[in-house]
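Please look over the two-chain structure shown here before reading on. The report then takes up each chain and the contacts between elements.

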Amino acid sequence: MITVNGINYEIGNELKDKKLSEWLREDLMLTGTKIGCNIGVCGSCTVLVNSEAKRSCKLTLKDVEGSKVVTIEGIALEDGSLHPLQQAFMDAGAIQCGFCTPGMVLSALALLLKNHHPSREEIRQALKGNLCRCTGYQQIVDAVELAAKQMYPTPKH
Amino acid sequence: MTKAFRNDAYAKVTGKAKYTDDYTMQGMLHAVPLHAPVASAVIKKINVDKACAMPGVVKIITAADIPGSIKFGQIIKDYPTLVHKRIRTTGDVVALVVANSRNQAQAAVQAIELELENLSPLYDPEEALLAKANLINPEYGSNLCNYHRVRTGDIRQGEQEADIVLEQEFNTSRIEHAYMEPEASLCHMRPDGVMEVIGSMQHPFSTRRFVASTLGFELKDVEVKTVPMGGGFGGKDDTAALVCARTALCAYLTKHPVKLTYSREMSMRESYKRHPYRMQYKMGLNKDGKIVFVKVRMVADSGAYCSVTPWVTWRSTVQCCGCYEVPNVHCDVYGVYTNNVFTGAFRGFGSPQVNWAIEQLVEMAAEKLGLDELEFRRINMVKQGSTTVTNQVLNTHKVSLGEVMDKVLKEIDYKNKRKHCSYGDTKQDTWYGIGFAISYRGMSLGAEGVDFNSAIINVQPDGSVLLETGVHENGQGAESVMMLIAAEELGLPISRIRYRMPSTSNIPDGGTTVASRGTLLGGGATTNAARILKDIISETLKTYMQRNAASFEKESILDDEGQVICTWNEAIGLCYSKQIYPYAFGVFQAPRVSWDEETGHGDAYFTWVYGCQAVELEVEPKTGKVTLLNIVAAHDVGKAINREMVKGQFYGGMATGAGYGLFEEVPLKDGAVIPTNFHQYRIMRATDLPEMTAIIVENPDPTSPSKAKGIGEPTLEITAPAIANAIYRATGKRYTDQPIKMRKQ
């Protein structure tokens, strides 16, 4: 069984060797997961597997058996409003063509779950595996910083 | 921080945005191309029998099946949608397999057997220019794709006047666009007889021409609808249009919807690259620090096809001396056919190559004269009222070169930091360098071609507004800019405006969204449409309310005393009740430009932009590792419509420009692209870049209805030479070949 965005799926044997990226896109129609290189280098297909950022084009369904997978379609808040990270990407001008955006957001989310107050350098390190040709990354780093401040306000002394 | 505005941000950040490959249709088949295995050959036979018998194969298509023209192209129709007889490059497509699934098509492609007669290939453009060279396209009688020149002043007199002469060759390499989304298309034949096309392409109207030509259709019978596309940077023109044309061909012949999605490997193999240039410069100087002549010969490798080589090299011709006044110029520029992967448009379009050379050459010249590089530039750079090397007087707009340069150098503290440069000091473990570069750039297409655009503003009975223009959303935020311009002109909140999903069947051909012309041309058309609409509304208020409208603000129409005449909605309601459509079609025609091919003189562009970038870096002598510490840029954009998105253009251009300087190149073997995917082609990562500073300079442009100019390309064209100049001050060595290949010291 694989859980995707909170929904459980039983996986038949015939699907065990299918790429996670293809299954998400073709079978579940979760096309927010993008294919940029299909060899695990560009990061466009990044999803969360048990809260870790993983490249879904490098995984088969066998690899994620029993795991919780979260795609870009699964991170909005329960009331349907945007995740603070999504809002921050919009506000900071971090989106241009948008093809890398889902993967970027999920890599950033995996970082923020572990590190609530990352430095800009730590953000850059966490996004190292996600390629973007439009933005020069700067406003993406701005967005992650902005989201961190909103998600984890520093307690007042 | 001002919040950025993008009409498509919500869809993109939630994963809802649907790019071409995200669409499916009932009964949809999949196509996969077979690429040529060699760069130069004649096809004797294509045996498809085995492939046809493979599971799931529906049809195998070759050039013989094309109902319309086999070849098409933007300037010269020399690109075969499918190769007929002669293979000219390893990017050529020989056949298409259409099957029930992509995997089935992929398997069958490998079962196609080709019988070839290999021809001896030509990979070196200089060799291709020799009289004895084989002809890539025998019908042209030469391997010369195009030739441009400039003859200004008297070169002999310049040579006599020169106290010092510098001679230097510079070389640049092929570059991959590296858009994150590979090419894709989905086509189907509609019941009304229209071939409907979606695709990852930059130019719906150009794509429509490719598709119509291939199918033998009239333009009215092809409708290209645009969907979000994952980056173009000039690269989603010819190849992307060809992918659409092939997909449409498959859909036409199989009578099924067909999708063709390129893998990264196919994209890198076939798609055109930035032109590699060989540039041989000779520059004469007098003792007062003035440039007295420039003589230059440039050879650009066009690869097997023309694409837009004549236009790319034309920009290099016009800007052959960079942003400097030079009284005597002798410039020859050649675009040459070879059997290499073809080259075409890429953000910058012929200027990154020239700036790579000239912005280093001026520093070498200054050094020879014992002047500092700042002083030398001040003496020679264009100023208000200057005459360019093509005899154009810069007087239609503010020439802000000095302003952008001063702002950057002040921000980065250039004069002070320059004192700390290492120049390869062997006593230091880490070398420090700072460098800068400046440029001017002619805006839009210039004398390359016709240059006009249109916008439609269609106000609905409830006062909400549908807007569209002939500009394409490449990811840069073009639609958002048009909405902001319309909102400001009409005094409406942005929420009342929707950018309509564009279709080539609804608005006239506005040319291609290239040349940093989107905001300038589309914005101009939007401004003009909004003004026509306001005239319609004002006329209605005058006739039926006897009031004179003076301004449109905050969803109201005001008279000249600032009194509200009525609300926007009331005005629109009045229009409809009086049988008057609040509908406007606005056009912006670029002001006159001119060009004489014989002399290379003319008002090449109707307006220009100016930019400066400076870079600080460190070099580790032992390893040759370069670390970028800081990049500061100032560009005159005329007027910033969407500030955060303007900054995004700065940062993105600088990042690609930095990659161009430091490591990007596409090496070839036997004419074929060696890197097959991103593991072998490195682009800038988040950790490769320093924090960058974007200084937006605004001198509203009188020739632009919206006062805005462009910013897409200027930001990319000077980062690499600024890096080269900084590396010189760090290492004491000049790197005249791009990318800079650092030697261990």
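What follows describes the chains, their interface and a few helix pairs.

## Basis of the description

This is a predicted model, in which local features need pLDDT of at least 70, side-chain atom pairs count only at pLDDT 80 or more, and totals for chains, interfaces and linings use all residues. Residues are numbered from 1 along each chain as its sequence is written, while chains are lettered from A and ligands numbered from 1 in the order in which they are written.

## Chain A as a whole

Chain A contains five helices and five strands, where helices (H or I, at least four residues) and strands (E, at least two) are DSSP runs numbered from the N terminus. Along the sequence these elements of chain A follow the order β-β-α-β-β-β-α-α-α-α. With a radius of gyration of 16 Å, close to the 15 Å that the globule rule gives for 157 residues, chain A is as compact as a globular protein of that length; the radius is taken over C-alpha atoms, and the rule is 2.2 Å times the number of residues to the power 0.38.

The C-alpha trace of chain A spans about 55 × 35 × 25 Å along its principal axes. Of the 157 residues in chain A, 56% are buried, a residue being buried if 20 or more other C-beta atoms lie within 10 Å of its own, exposed if 12 or fewer, and partly exposed in between, with C-beta atoms placed from the backbone. When contacts in chain A between residues at least 6 apart in sequence are considered, 62% of them join residues at least 24 apart; two residues are in contact if their C-beta atoms, placed from the backbone, lie within 7 Å.

## Helices α3 and α5 of chain A

Helix α3 (residues 101–114) and helix α5 (residues 138–151) of chain A pack at an angle of about 45°, with their axes 11 Å apart. That angle makes α3(A) oblique to α5(A), since angles under 35 degrees count as roughly parallel, over 145 as roughly antiparallel, 65 to 115 as roughly perpendicular and the rest as oblique. Axes here are lines fitted to C-alpha atoms, for helices over the stretch in contact, and angles run from 0 to 180 degrees between N-to-C directions. On the side of α3(A), the contact is made by Met104(A), Ala108(A) and Leu112(A), and on the side of α5(A) by Ile140(A), Val144(A), Ala147(A), Ala148(A) and Met151(A). By class, the residues of this contact of α3(A) with α5(A) are eight nonpolar, no polar and no charged, where Ala, Val, Leu, Ile, Met, Phe, Trp, Tyr, Cys and Pro count as nonpolar, Asp, Glu, Lys and Arg as charged, and the others, Gly among them, as polar.

Helix α5 of chain A also holds Lys149(A), which is partly exposed, with 14 other C-beta atoms within 10 Å. The C-alpha atoms of Lys149(A) and Pro118(A) are separated by 10.0 Å, although these residues are 31 residues apart along the chain.

## Chain B as a whole

Chain B has 18 helices and 30 strands. Its radius of gyration is 27 Å, close to the 27 Å that the globule rule gives for 745 residues, so chain B is as compact as a globular protein of that length. The C-alpha atoms of chain B fill a box of roughly 80 × 75 × 50 Å, taken along the principal axes.

Among the 745 residues of chain B, 60% count as buried. Of the contacts in chain B with a separation of 6 or more, 80% are between residues 24 or more positions apart.

## Helix pairs within chain B

Helix α15 (residues 518–545) and helix α16 (residues 568–577) of chain B pack at an angle of about 75°, with their axes 10 Å apart, and α15(B) and α16(B) are therefore roughly perpendicular to each other. Ile537(B), Thr540(B), Leu541(B) and Tyr544(B) of α15(B) make the contact with Ala571(B), Leu574(B) and Cys575(B) of α16(B). The residues of this contact of α15(B) with α16(B) are six nonpolar, one polar and no charged.

## The interface between the chains

In the interface, 48 residues of chain B are in contact with 41 residues of chain A. On the side of chain B that touches chain A, α1 (9–14) and α17 (643–662) of chain B each supply at least two residues, and the largest share, nine residues, comes from α17(B). The residues on this side of chain B divide into 22 nonpolar, 14 polar and 12 charged.
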